[in-house]
Amino acid sequence: MLIKKHLLECVLIVPVLSAPATSIHGPSAPPANMFDTVPGYEGTIAGGGGGYLPPPPPSVPMPEQAPSSPNWHIPSISEDQARDSFAMYVSSKCCYSSDPVKEGVITSMESFNTYRYRLETFMESRSTEWSQKPYTGQPVDAGVQPAPGPWQIAAQPPAFFQEHKQTIKVPYTSSVKNCHVCLGMGRNPCTTCAGAGNKVCWVCNGSGYRQSDDRCMHCNGRGRENCSSCSGSGTRQCDTCHGKRQLLVFINLIVKWYDDLHDKHLSQDSSGLRVENLGKVSGKELFKDAQYMVYPVRGFPDVSVGQASERLVRDHQVKYAQTSLILQQRQTIELIPITKVNYMWKGKPYVYYVYGNEFKVNADDYPATCCCSVM
């Protein structure tokens, strides 16, 4: 009799200790057979990641000849501008004496103009993905007529060189399917209690008694309490179908307009000014050309700029046209003026640089500094 009683108690305990929620839940990812085959969208998968769709051939031909070369005018700064910039630089330094500015004599000025060429390509790319939402009676149009191709769907682009993203529901791809997460039940086992509807009492830790051998009042001596997450039912509304049991599945077209190809070239100079200083200044725009597809710059005084333009224009038009539709290109040439100013002060030679459109100054060997420090 004792053995039978013990076995009976074990049988009664088993239903309370339910299986983990992972074994009760349906599959989390949509099954492959959940989506219909739509001509023109065979590679579309749920969640995206199917790659970009090749664009149609360009309707506008590439330029066949270069535009006429502009009259390149290379400006230079005057001695007065160099001295004024030097004075402003020194006045901004609390430990610099102004004596070299007032007493120094400029002996020579050398120009080391540097050119910055930049090519930008503004493009449109398209990709597709299967999407889903709870079915609440929306129109179902799959199979009514063939779906338009990904590049046949009209989209309103933003202004050139402004990034934007638009998601468009592809017509004639919507159908209704049972929810794959809850298997069409509308509810899933509660993950907090593993579908049991109750869990171990946190007050008595499942013993049913307090430390004083008194019955636990929180669970009335049961050792378990109702799950607050599911109110003791053991199930919760499905987060995927929101309890509707069915999903509307359809294809979304994701259209992106972007300009993340800021390829640039900086011509070299022998002035002695560190290159990293040039990244902190702007230049004077000497040339700007914007059209559907630009032609490489011709006849520029610095040969390396023309070579860089030829290489970058070719690379953009060949490489990126395979995955995106080129809408506009823009190329610019900036002059970053660098003037090396040699001057004498107290019988010794010194140097400072004036550079950029902002007339910034670099004077690493400034001869009149004090040794003050901030405590």
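Visitor: How much space lies in the largest cavity?

Guide: About 50 Å³. This is a predicted model, where local features need pLDDT of at least 70, side-chain atom pairs count only at pLDDT 80 or more, and totals for linings use all residues. Residues are numbered from 1 along each chain, and side-chain values use heavy atoms, leaving out hydrogens and water. A cavity here is a set of points on a 1 Å grid over the protein atoms alone where a 1.4 Å probe fits but cannot get out.

Visitor: And how many cavities of 30 Å³ or more does the count come to?

Guide: The count is 1.

Visitor: Which residues line the largest cavity?

Guide: Among them are Arg 83, Phe 86, Pro 100, Val 101, Tyr 343 and Tyr 352; a lining residue has an atom within 4 Å of a point. By class, the lining has 7 nonpolar, 1 polar and 1 charged residues.

Visitor: Switching topic: how many residues has the largest nonpolar core?

Guide: That core has 22 residues, and Tyr 41, Val 170 and Cys 179 have the most contacts inside it. A nonpolar core is a set of buried Ala, Val, Leu, Ile, Met, Phe, Trp, Tyr and Cys residues joined through side-chain atoms within 4.5 Å, where buried means under 20% relative accessible area with a 1.4 Å probe, protein chains only.

Visitor: What does Tyr 41 touch?

Guide: Leaving aside residues up to four places away in sequence, Tyr 41 touches residues including Thr 128, Pro 148, Ile 153, Val 170 and Ile 251. A contact means heavy atoms within 4.5 Å.

Visitor: What about a second core?

Guide: A separate core of 17 residues includes Ala 82, Tyr 89, Val 90 and Ala 368.

Note on methods:
Buried < 20%, exposed > 50% of the residue type's maximum accessible area, 1.4 Å probe, protein only. 1 Å grid on protein atoms, 1.4 Å probe; cavity = no way out; pocket = protein on both sides within 12 Å on 5 of 7 lines; lining within 4 Å. Points joined across faces, edges and corners; volume = space filled by probe spheres on them. Nonpolar A, V, L, I, M, F, W, Y, C, P; charged D, E, K, R; others polar.
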